[in-house]
Each structure stands twice: as C-alpha cells, then as structure tokens.
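Student: I've got a model open and I'd like to learn how to read it. Can you walk me through a few features?

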Amino acid sequence: MDYAQQLAFFANILEQKRLVTALEGNASMIDRNAGLTYITPSGRMKLLLQKEDISVMGENGTQVGGRGKRSSEYLLHEAVYRTRPDVNAVVHCHCPYLTAYALRYQDFIVPENCSLHAVFRRFVCTERGQIYDLTAIRVTAFEIKGHGAGRRCQGLAAGGHGVVCVSNSMESCIGLLEAAEGLAKTLWLAGQI
C-alpha cells in the first residue's frame, strides 16, 4: 500500500467536500508495521497535494520523507495513535456545523430517531485547551468517553477549536465525518423551521 499516495487522494476528497480548507484541517494515516505516520503538510491546499508533498514521520517524531513541512497538529495525531491501537486514520478539521458545537462547548448528540444513531451517538466536547495539551489528557475522550458498553469514541468536538474524527481507515473516517457534518447541518435547518 502506498500510504502517501492514498493520503494525497483522500486529502483532495476532504477539500472537495469542504470538510477542510487550504489553511485549516489536516489528515493522517499510520503504517503500524513500518512505524511511519503520513500527515498532510502545513498551509497547503489539499486539492493540489501529490504523494511527494505528504510528510512522513518516523517513530521518534522526526520527519523522514515528503517535501512538505508536517502539520502543526502532528502531536495530536500521534497521541491518538498511541492511545488507540484500533485507529489507523485521523482527520482534524473545522467543518462549520460540527465546529459550531465545539465553539459553544456542546456535545453533538445524534437523535435516537435518526438512522445514524446506530453508527455513532455523539461527538463529545472536550474542555477548552485540551486539544493543545501535549499529554494524553487531550485524547482522554477517545479512550473513556465512548458510546456505551463495548463502543469507543469515533469523534470529538475540541472545545473552542474544531473537530477530530478517527477510524480504522481513511475512507470510513471521511464517511463518518461527512455524515456527522451533514446531520449537524440538517438539525440546524430543522431548528429554523
């Protein structure tokens, strides 16, 4: 599997779907066998990324490949990978409807009568500043604030900041993020009626 090629491809999709922008948002994938993390570079349009632009990080946190400077959110991605061995893909973004929950410090709760309720129940909102804490505290919500017995958190609203979504693959991570953002928009529209 060519992780850099795949991440460039999926980063393009993220920007096409307006889940990230040139200046905001980042995505990563991990190759656990090789001990390498692939992450989108800082300050670049995701629509234009090629595999050579993807930053490749070694286990010790040094950049070992790619012509782009790693995202400033790299430590968040690494903390998630260390905390959650079931996760192989992370997207951090500022998509407007879910981010509105983060800016208001509210959990995004999926209504029980919604079909997505079977997939996930909420994006837990962290306290202000947790997203920048360089300890495992900033990812505690992924570990302990799951969605009931046997379920682990797949997304959180980073209080005052944005959204983080995790999954075992980038395809499912983007699917979850797109579905959650679409539902958040629908719920907002329903509140206007």
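This is a predicted model: local features need pLDDT of at least 70, side-chain atom pairs count only at pLDDT 80 or more; totals for chains, interfaces and linings use all residues.

Student: Fine by me. How many helices and strands does the protein chain have?

Tutor: There are 5 helices and 9 strands.

Student: Let's zoom in on H1. What span does H1 reach from its first C-alpha to its last?

Tutor: H1 has 14 residues and reaches 20 Å, close to the 20 Å expected at 1.5 Å a residue. At the start, a side-chain oxygen of aspartate 2 comes within 3.3 Å of the backbone nitrogen of alanine 4. After the helix comes arginine 18, with a positive phi near 60°.

Student: What covers the buried residues of H1?

Tutor: The cover includes strands S1, S2 and S5, along with helix H5. Among the buried residues themselves are Tyr3, Leu7, Phe10 and Leu14.

Student: Now the rings. How many aromatic pairs does the structure hold?

Tutor: It holds 5. To classify a pair, you check the angle between the planes, where under 30 degrees counts as stacked and over 60 as edge-to-face. Tyrosine 3 and tyrosine 38 have centres 5.4 Å apart and planes at 10°, so they are stacked. The two sit 35 residues apart in the chain, with tyrosine 3 in helix H1 and tyrosine 38 in strand S2.

Student: Are those two tyrosines buried or exposed?

Tutor: Buried: the relative accessible area is 16% for tyrosine 3, and tyrosine 38 comes in at 11%.

Student: Which residues form an edge-to-face pair?

Tutor: Phenylalanine 108 and phenylalanine 123 do, at 6.2 Å centre to centre with 85° between the planes. That pair links strand S6 to strand S7, across 15 residues of sequence. Phenylalanine 108 is buried at 0% relative accessible area, and phenylalanine 123 is buried at 1%.

Student: Which residues do ring pairs link into a cluster?

Tutor: Tyr101, Phe108 and Phe123 are linked that way.

Methods:
Residues are numbered from 1 along each chain as its sequence is written. Side-chain values use heavy atoms; hydrogens and water are left out. Rings of Phe, Tyr and Trp (its six-membered ring) pair if their centres lie within 6.5 Å; planes under 30 degrees apart count as stacked, over 60 as edge-to-face and the rest as tilted. Helices (H or I, at least four residues) and strands (E, at least two) are DSSP runs, numbered from the N terminus. Buried means under 20% relative accessible area, exposed over 50%, partly exposed in between (1.4 Å probe, protein chains only). The expected span of a helix is 1.5 Å times one less than its number of residues. Contact means heavy atoms within 4.5 Å. A polar contact is a pair of N or O atoms within 3.5 Å; within protein, one must be able to donate a hydrogen and the other to accept it, and residues adjacent in sequence count only if both atoms are side-chain atoms.
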